Amino acid sequence: MASGAEAEKVVPSNDVLEWVKKDKKRFLHAVYRVGNLERTIKFYTECFGMKLLRQRDIPEEKYSNAFLGFGPEDSHFVVELTYNYGVDKYDIGTGFGHFAIATEDVYRLVETIRAKGGNITREPGPVKGGTSIIAFVKDPDGYMFELIQREPTPEPLCQVMLRVGDLDRSIKFYEKACGMKLLRKKDNPDHKYTIAMIGYDDEYKSTVLELTYNYGVTEYTKGNAYAQIAISTEDVYKSAEAVDLVTKELGGKITRQPGPIPGINTKITSFLDPDGWKTVLVDSADFLKELESH
Ligand SMILES: N[C@@H](CCC(=O)N[C@@H](CS)C(=O)NCC(=O)O)C(=O)O
């Protein structure tokens, strides 16, 4: 029988996992490193039609950031590019998959990108084993962008694809630790992979995390280019408690205890999932304040 002390521990744990289901969360941005900020800004604005939303230079820390996306940061998922002074090349590794952009006409977008000198690595046409029209483009640093033909959507920056070693473990992790929902799972035995779309809303209206499991592949390299995905939360402290519990069951670890970032005062916590993919949870109200001050 559980001792009094053990029984006590169980109750708050369940509470915090229940709280996760009620917390309002949203994907905020993907953070990654690029070798030349101006080059990437030019490529994303001219080829993809993204807008440059804000830029900041932190000379004391020797880096600059640029935020780009298809709409304002208070309602859209965006990319946060990091340029570290003097570093012009990164290793993307084998685990990072792609970002996806939904567009009404993939053929037309590909021609625009080709005309601007972009690198089309997969010509437009139906996805192998399916009917969606897709194409792939490699950006100047080697990050892959999948173009997906869809009806107009409020969020064209629609997927972040990461490869994982155990799909069910990852789904369970993000459901329990981050309150995501499994939106769709599709096995493609002919091409020996399974994908799962997970997130907070309809995959045709908001950004989702696409997890890919390639049969038999349990390990990938992470490189040093892609950094993390940021998600808002109403309470970083409760979120961290939930993540901590789930890491004990499924793997992964908290890498930054919850609390305000010195100087900025935005409260965050960060963690690695069971595959080592990093997420940062950001206090929603602090995030909005940060946007207002820009
Ligand atoms: N082995 C692939 C599995 C994932 C995959 O194949 N995804 C589809 C899109 S859902 C794809 O890239 N298809 C390529 C094509 O149709 O040419 C990987 O790890 O990237």
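This is a predicted model: local features need pLDDT of at least 70, side-chain atom pairs count only at pLDDT 80 or more; totals for chains, interfaces and linings use all residues.
Colleague: How many helices and strands are in the protein chain?

Modeller: In general, helices (H or I, at least four residues) and strands (E, at least two) are DSSP runs, numbered from the N terminus. Here the protein chain has six helices and 16 strands. Its radius of gyration is 19 Å, close to the 19 Å that the globule rule gives for 294 residues, so the chain is as compact as a globular protein of that length. That radius is taken over C-alpha atoms, and the rule is 2.2 Å times the number of residues to the power 0.38. Along the principal axes, the C-alpha atoms fill a box of roughly 70 × 50 × 35 Å.

Colleague: Which residues does the UniProt annotation "domain: VOC" cover?

Modeller: UniProt positions are given in the numbering used here, feature names are shortened, and annotations may be inferred rather than shown by experiment. The unreviewed UniProt entry places "domain: VOC" on residues 26–150 and 156–284. Residues 26–150 are 18% helix and 46% strand, with end C-alpha atoms 22 Å apart. Residues 156–284 are 22% helix and 44% strand, and the end C-alpha atoms there are 22 Å apart.

Colleague: How should I read burial, and is Leu-209 buried or exposed?

Modeller: A residue is buried if 20 or more other C-beta atoms lie within 10 Å of its own, exposed if 12 or fewer, and partly exposed in between, with C-beta atoms placed from the backbone. By this count, 35% of the 294 residues are buried. Leu-209 belongs to strand S12 (residues 208–214), and it counts as buried because it has 25 C-beta neighbours inside 10 Å.

Colleague: Which residues is Leu-209 in contact with?

Modeller: Two residues are in contact if their C-beta atoms, placed from the backbone, lie within 7 Å. Setting aside neighbours within four places in sequence, Leu-209 contacts Val-160, Leu-162, Tyr-174, Ile-198 and Gly-199. Across the protein chain, residues 24 or more positions apart account for 60% of the contacts with a separation of 6 or more.

Colleague: Which residues does UniProt list for "binding site"?

Modeller: The unreviewed UniProt entry lists Glu-80, His-98 and Glu-146. His-98 lies in strand S5 (residues 96–103) and is partly exposed, because it has 19 C-beta neighbours inside 10 Å. Glu-146 is in strand S8 (residues 144–149) and is buried, with 22 other C-beta atoms within 10 Å. Beyond four places in sequence, His-98 touches Met-144, Phe-145, Glu-146 and Met-161. With that same exclusion, Glu-146 contacts His-98, Ala-100, Ile-134 and Phe-136.

Colleague: Which residues surround the ligand?

Modeller: A residue is near a molecule if its C-beta atom, placed from the backbone, lies within 6 Å of it. The residues around the ligand include Gly-97, Arg-122, Ile-134, Arg-163, His-191, Thr-212 and Asn-214. Strands S11 (193–199) and S12 are the elements that give two or more residues to this shell. By class, the shell has four nonpolar, four polar and three charged residues. For these classes, Ala, Val, Leu, Ile, Met, Phe, Trp, Tyr, Cys and Pro count as nonpolar, Asp, Glu, Lys and Arg as charged, and the others, Gly among them, as polar.

Colleague: What can be said of Asn-214 itself?

Modeller: Asn-214 lies in S12 and counts as partly exposed, because it has 15 C-beta neighbours inside 10 Å. Asn-214 and His-191 are 23 residues apart in sequence and 8.7 Å apart in space, C-alpha to C-alpha.

Colleague: In which sense do strands S6 and S7 pair?

Modeller: Two strands pair if DSSP finds at least two bridges between them. Strand S6 (residues 119–126) and strand S7 (residues 133–138) pair in the antiparallel sense over five bridges. They form a hairpin with six residues between them, and Gly-129 in the turn has a positive phi of about 80 degrees. Among the eight residues of S6, the count of buried residues is zero.

Colleague: How does strand S16 pair with S13 and S15?

Modeller: Strand S13 (residues 226–233) and S16 (residues 278–283) pair in the parallel sense over six bridges. Strand S15 (residues 267–272) runs antiparallel to S16, joined by five bridges.

Key. Residues are numbered from 1 along each chain as its sequence is written.
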